[in-house]
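Here is a short tour for anyone who likes to have the model open while reading. Please keep the viewer at hand.

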Amino acid sequence: MLLFINSGMAQFKEIFLGEETRSYVRAADTQKCLRVSGKHNDLEEVGHDTYHHTFFEMLGNWSFGDYFKKEAIDLAWELLVKRWGLPADRLYATVHAGDVDLGLPSDEEAADLWRRYLPREHVLYGNSKDNFWMMGETGPCGPCSEIHIDLRSDEQREQIPGSECVNKDLSTVIELWNLVFIQYNAQADHGLVPLAERHVDTGMGLERLAAIMQGKISTYDTDAFSELLNEVARITPIAGIRGYDDIAPTLDSDSIRIAMRVVVDHIRAIAVAIADGVTPGNVGRGYVIRRILRRAVRYGYTTLDLKEPFLCRLVPAVIKSLGEVSPNLAEKSAFITESIRGEERAFLRTLGRGLKLFDSVCAYVDKLSSSNWEDCIKGLREDVFFQDLLKKAYTTDTDRLQSFISIARLSRIPGEIAFLLHDTYGFPVDLTQLMAREHGRHVDMPRFEELMAEQKHRARLQIGSTIEAVSRFKPDGVIRTKQKQSTAKKRFVGYEVTTLEGARVTGSDVDAGVIVLDSTPFYAERGGQVGDTGTLNFDGEVIPVIDTQVWQDQILHKVERFPSSLECEVIASVDQERRQRIAKHHTATHLMHSALKETLGPGVEQKGSLVAAGHLRFDFSHYERVSPEDLRHVQDRVNEQVQRNIVAEIEDDVPYKEALARGATALFGEKYGDFVRVVTFDPDFSVELCGGTHVGATGEIGLFLLQSEGSVAAGIRRVEAVTGIDAVDLVTQEREMLTRTRRQFKGSKRPVEESVAELLETNRSLQKELEQLRHARLAVQVDRLLDNAFVLNEVNVVAGRIDDTDMAMLRSLGLKLRLRLSPSSVGVIGTCDPGGQKAYLVAVVTDDLLRKGVDAGAIVNQLARQIGGGGGGKPDFATAGGRRPENLDTALRNAPELIYDMVPGPRLT
């Protein structure tokens, strides 16, 4: 699946394949592109060289079965040399050298065409990697001719001819324009099938062109990036960074400039993506943007000393740079800024700990290269932090140390560590790989991928029932037709009628329990709206329809049972009462969408929805919790439209561009045809592209009530609401609950909310008193332990059990105990949870004993084994837990002996 446009041709793929036609045969355009994953992935090069970018603008010209190689080359030469005045003697053209595996000869036609303009030594042959262009593993493709420009000085050109520098990854000899001659359709078996027509697809990066036209070697030196780079220099706290080209000689200017280039490139990509509807998230496009953002944050954190959210501070500079060509950046500036700020805050909370863990792992890997192997292994076995790390990373491996050693001895970062960083600290694995390379190491990716696969398998098991339910609507036995999806729409007549007579069965699958009709009034689930239910009448035999789904080009009626015969005419009847309730919720969704935009701003975009008979659910982009006041305003605005009784205006077959020009809302990620269905409830309030069912006028909704609002992902909020009779039922239930509550305060003349508030305040006061009594009782137990302290080898030992507490309180008591200990003291206290299932320990050590090597972490780690668990912490304060509470008293009795053995010096008896 193509997550982002990574090349200009993505939008024209169907034309090349002959599956779609346009009203024109030539085109020229500029297009936003993002290359961060898949076949075309420039992420690793970004920042480390001076001309690759994640986000860039692609200029292109196109021929759809019109002109071909000669005209494309002639047009390119005219534009570059005659119009823009680029020096012809610095230009080189490459053509395809042929490929035996693909069965293709060299492209002599293109070579001869170029030799009309260039000397023979400036026309070069390239292999399929460089000169055969493919969008992906399959699809439209063909040989290409790249135009390169040599930007080196005259002296350098005299020493080494440019022909030897093309495609050598030099920043001074770069590709400028690629002319792709689309002739084939690549198959999954790597074969090439000639297309019915030949096409031209050219692509030129605007940023590279700007550098050449402005006389720059690096794209980062152009006006597209200079202000952004200087803004990064302005916000970094490092003294000596006054600008991208003004860095103090005492600093590592190369690393700083790489970090600055990464930051400005990535913030451009992030801001543009969010403005176009892609918010950072855990899957798909959202995860790609999250990866880019976290990569930028890490560079800023480690190299530019930016420890607080900083990318969000660069949004105004991005808008200043790109706002004229991308006006939605300014329109959604608040949403973009807050979305980025929230993502940065979340990652910064774990970034420092993750980096510390990674650095520690690298240090352990270095230790394992020590010549004193036995001492190294012994040290690792006694290292509390390392042992705790192994327990977190190797959750199922019995010999964790050996597993770590086996990979670390190869100077690799174990896959378990990469997975821990990914799963616990939020490090995308490509970020871990980048850090590993900086340390001269590699990540054990096969093991990481195994662990990711295991995690996905566990997730699939959790939703197995859902998958099983969905799979029932993929029946192998359904008769397939040759009609396309648009024909399936024609077979749906449910906009006009809810009962249809004279339908015929065209397909069925007994095992899946589905029936396909030649025409149907049943709406199949799509666009967030659930499928219809109802009945199919087979010559008097009435069969309930329990759901309706669409699969490929067929509308599937899920039935409770099959009729005795499928040969007769069918009367298809939709459950009208249920359809009407669904329609009310669907129309209310449109009204609410508009009210949310009106209230919260243009950054609101639909991210998902469910329209059912009993309620609606709506997910939308927003960077913070919606306040109660804003929710009330949204609810009021929807009900205002309901009271206006606005008549629905529904238009079929509206040209897509015309619909957008009229202000219709189109959902990001949805694929629309040239003609769309437009649903309008007042052109000044709600206009959307929609294929669902709606009420005839908003007054039919009756009443709209919001039920809840919450977060479903970073930058994504969810609201749920009810309409009509479902809203009335909700009001009735709440009034009955209020009446029952009021009865509990018989005799009170105050409003019920005041009585409830007083009751809650009284309860809080009593809870506070109870907690104070509990603390006092626990303090008495601590006092008793201090009174019973004894001396071992000149160390005061306080050890014992605290009853009626939990782990959180035990930690608090441990901190208080340490403050009360006299010098040269160790305290060990323990408790069991109220259910008697677990035991907990806390150990504290005074500062003077720390200097003698007494370690609280080592103490609890040893004692934890006796209660069937593990633990760790800092040398002065550590905790442990275990699943053998019956052994707690024994462990506490053994604590003095363990402490005695730890204290250096002569043993006293």
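This is a predicted model: local features need pLDDT of at least 70, side-chain atom pairs count only at pLDDT 80 or more; totals for chains, interfaces and linings use all residues.

Let us begin with the open sheet, whose four strands follow the order β20-β21-β26-β25 with antiparallel pairing. β20 and β25 each have a single partner strand, so one side of each is left without a neighbour in the sheet. On average, neighbouring strands here are turned by 15 degrees against each other, direction ignored. Helix α24 lies across β25 and β26, at about 90 degrees to β26.

| Element | Residues |
|---|---|
| strand β20 | 606-611 |
| strand β25 | 704-713 |
| helix α24 | 724-743 |

Now for the nonpolar cores. The largest has 88 residues, and M260, L304, L311, I340, F404, I417 and F427 touch the most other members. Helix α8 (residues 253-275) gives the most to this core, with 15 residues. Another core, of 30 residues, lies apart from it and includes F68 and L91.

Finally, have a look at I650, which sits in strand β22 (residues 649-655). Is I650 buried or partly exposed? I650 counts as partly exposed, because its relative accessibility is 36%, and buried would require under 20%. Leaving out residues up to four places away in sequence, I650 touches R677, V678 and V679.

Methods: Residues are numbered from 1 along each chain as its sequence is written. Side-chain values use heavy atoms; hydrogens and water are left out. Helices (H or I, at least four residues) and strands (E, at least two) are DSSP runs, numbered from the N terminus. Buried means under 20% relative accessible area, exposed over 50%, partly exposed in between (1.4 Å probe, protein chains only). Contact means heavy atoms within 4.5 Å. A nonpolar core is a set of buried Ala, Val, Leu, Ile, Met, Phe, Trp, Tyr and Cys residues joined through side-chain atoms within 4.5 Å. Two strands pair if DSSP finds at least two bridges between them. Axes are lines fitted to C-alpha atoms, for helices over the stretch in contact, and angles run from 0 to 180 degrees between N-to-C directions.
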